[in-house]
Amino acid sequence: MPGLFGESLAFGGDYNPEQWDPAVWQEDDTLMRRAGVNLATVGVFSWALLEPEPGRYEFAWLDDQLDRLHANGVRVDLATPTASPPPWFTLAHPEAMPVTADGVRLTHGSRDTYCLAAPAYRRAAVGIATALAERYGAHPAVVMWHVHNEYATICHCEQSAAAFRRWLRARHGGLDALNWAWGTAFWSQRYTAWEQVGTPRATQWHHNPGQTLDFSRFWSDLALDAYREQRDAVRARSDRPVTTNLMLPGYQNLDLWAFGREVDFVGIDHYPDAPGADSHADIAFGADRARSFGGGKPWLLIEQGSNTVYRPGLTLPREPGDILRSSLGHIARGSDGALFFQWRQSRAGAEMWHSAMVPHAGPDTRIFREVEQTGAALARLGELAGSTVSAPQVAVLWDADAWWALTAAGKPSAELDYLGTVRRAHRMVWDAGVTVAFAHPEDDLSGYRAVLAPSLYLVSDVGADSLRRYAEGGGTLLVQYFSGVVDSRHQVRTGGHPGAFRELLGLRVEEHRPLAPGAVAELSDGSSGTVWSEDLRAEGAEVLASYLGGAVGGKPGGALAGKPAVTRHRFGAGSGWYLSTRLDDAGYAALLARVLAEAGVEPTVPGQPAGVDAVRRHSGSLSWLFVLNHGETPARLPTVRGQELLTGTAVPAGGLTVAPGGVAVVREPVSSA
């Protein structure tokens, strides 16, 4: 079955010809052909040029650019430019400027300066989307639509508060139900009129956790409504697929499962925040999420940096060879191509130092030579278009509600970190050579051999029942500390923790005992824990490791001496494992190895060396094995057979060897079974 772009993988990136003159356009045509660019994202930040005055459109320049790209063999992802309203809009509609939690109204001068709850903004956004779709809906260059850019700016203005109240009425019905859900009897917060309810602006101390959770849900729904409005305007005028670019890894306030249901295919932007092997582990983390959020839909990497690793206050360069390796890291996990921000590095503007496919120094550079190498490699992989990643055996649970709830102030420890904890669980399974899927707790999980719940602080009754059925039906479930303790209203499940999972796990936690910074809790199996510990008792569970009596650098309390720390409980035909502390890396890896072994999970390739990422894609009887060596020594995989597509050579009889930092894509022999 063909992929998103027929019998080829997409390669290219954001193209902003309006920043340049005709002489540069001519060079762009030549360089795009050299690099093998076949898809360009156009118009993301062009609203001021496309609509210089309200309702007056200037499309001639865009006509010329789309025609030129089409003549050069480059297809177009046409964006709606609504992430950056033009100056005329912000001057005409100051009420549409966002207000911070501190009550400060922002002014024009950057991107993302708008309020999604402002009717004027929503009308203007649908207006420009409609005008673009009417003109270019059938243009031969346009093969997809890209609504907006990296939702969603949050706003606390009065329009947002009014929209929040409407959302709350629809969700809760009446004020009595709202007061009960939010527990407003505490701190004299009971509301007696809807007008008293606002957004969680800056306040004296902690916000009401039910209010902050509902506001996160509301804002995600509001962003999705804004997306749907533009999408539907485009769909009414064009038959090309529509998506938006979801920003990973984690700053967005969005339920990505909800967006995955509404897009025609999932699109992501992904910028790792660490160099080296950590960067490639993060690529796998982002790609596995992108593939999962669509529930089987195709997905595409819409943005990455050619030479960009962002750290706080610092932009680091990537290592030589990373452009190809990073691109294939996404494609191995299902992306229908690899795009970049952007084609040509800007000479002016706020992102003039953001890396690009053509850097300031021009094409006679390492960066552009690697871009050419990557384009040539993707051209050799067209036969993979339309294939899918072979079904992963392991799922990591991902729930926006659990993340939002865990960000509420007042938790026993500020070190409880949803994203970091989930990322670490994924990393450990990635290190073990196993491909991962992400799943929602309420999904049917029966297709997975093992399911990890690393940070499921909040779980709905439906999600708790789903996990119970999974284990009872023969699955292997690992639940980690401070999970299952609150319900979907953000109210504690009383009677002992982890309330939703006590029976499944065969234990009862009486007391949470967070560890002070620097404190280390020693365990009886030689491992150690930080951040968190718990006073629990086994009620049918087998104790695999216990707390010892002391700690290094702090006092978890002598009361934990001999108390269970890691347990396993037979439940129906399956099992529920429990981890009550943040294990050190070696101890965590050893525990996960035991869990995966019990579940019958094996690496993608037998004997897969450490530092090697191997992922399999398939289509019908055909399969392709991606091997990326992130290590510093050659990696040999003696069992691999087939045709290596990047070099066009057969894998030797002794197996596949991949150089340090190297990549290989092997078309495997068709099984005779």
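Start by selecting Gly-474: just after helix α15, this glycine takes a positive phi of about 120°. A word on what is loaded: this is a predicted model, in which local features need pLDDT of at least 70, side-chain atom pairs count only at pLDDT 80 or more, and totals for chains, interfaces and linings use all residues. Residues are numbered from 1 along each chain as its sequence is written, and side-chain values use heavy atoms, with hydrogens and water left out.

**Stop 1: helix α15**

Now select residues 461-472, which form α15. Helices here are DSSP runs of H or I with at least four residues, strands are E runs of at least two, and both are numbered from the N terminus. The twelve residues of α15 reach 16 Å from first C-alpha to last, close to the 16 Å expected at 1.5 Å a residue; that expected span is 1.5 Å times one less than the number of residues.

Colour Gly-463, Ala-464, Ser-466, Leu-467, Tyr-470 and Ala-471, which are buried (under 20% relative accessible area; exposed is over 50%, partly exposed in between, with a 1.4 Å probe and protein chains only). Look down the axis of α15: these buried residues fall within an arc of 160°, so they line one face of the helix. The arc is taken from the directions from the helix axis to the C-beta atoms. An α-helix has 3.6 residues a turn, so residues three or four places apart point the same way. On the other side of α15, Asp-461 and Arg-469 are exposed.

What does the buried face pack against? Among the partners of the buried residues are β13 (394-397), β16 (476-480) and α16 (502-505).

**Stop 2: the nonpolar cores**

Next, show Leu-116, Tyr-151, Leu-328 and Trp-398, which touch the most other members of the 180-residue largest nonpolar core. Such a core is a set of buried Ala, Val, Leu, Ile, Met, Phe, Trp, Tyr and Cys residues joined through side-chain atoms within 4.5 Å. Its largest share, ten residues, comes from α8. Zoom in on Leu-116: beyond its neighbours within four places in sequence, its contacts (heavy atoms within 4.5 Å) include Tyr-121, Tyr-151, Trp-219 and Leu-222.

A second, separate core of 13 residues includes Ala-614, Val-627, Ala-635 and Val-640.

**Stop 3: Thr-192**

Finally, find Thr-192 in the loop between α7 (175-182) and α8 (209-235). Thr-192 is exposed, with a relative accessible area of 62%. Its C-alpha lies 55 Å from that of Gln-19, 173 residues apart along the chain.
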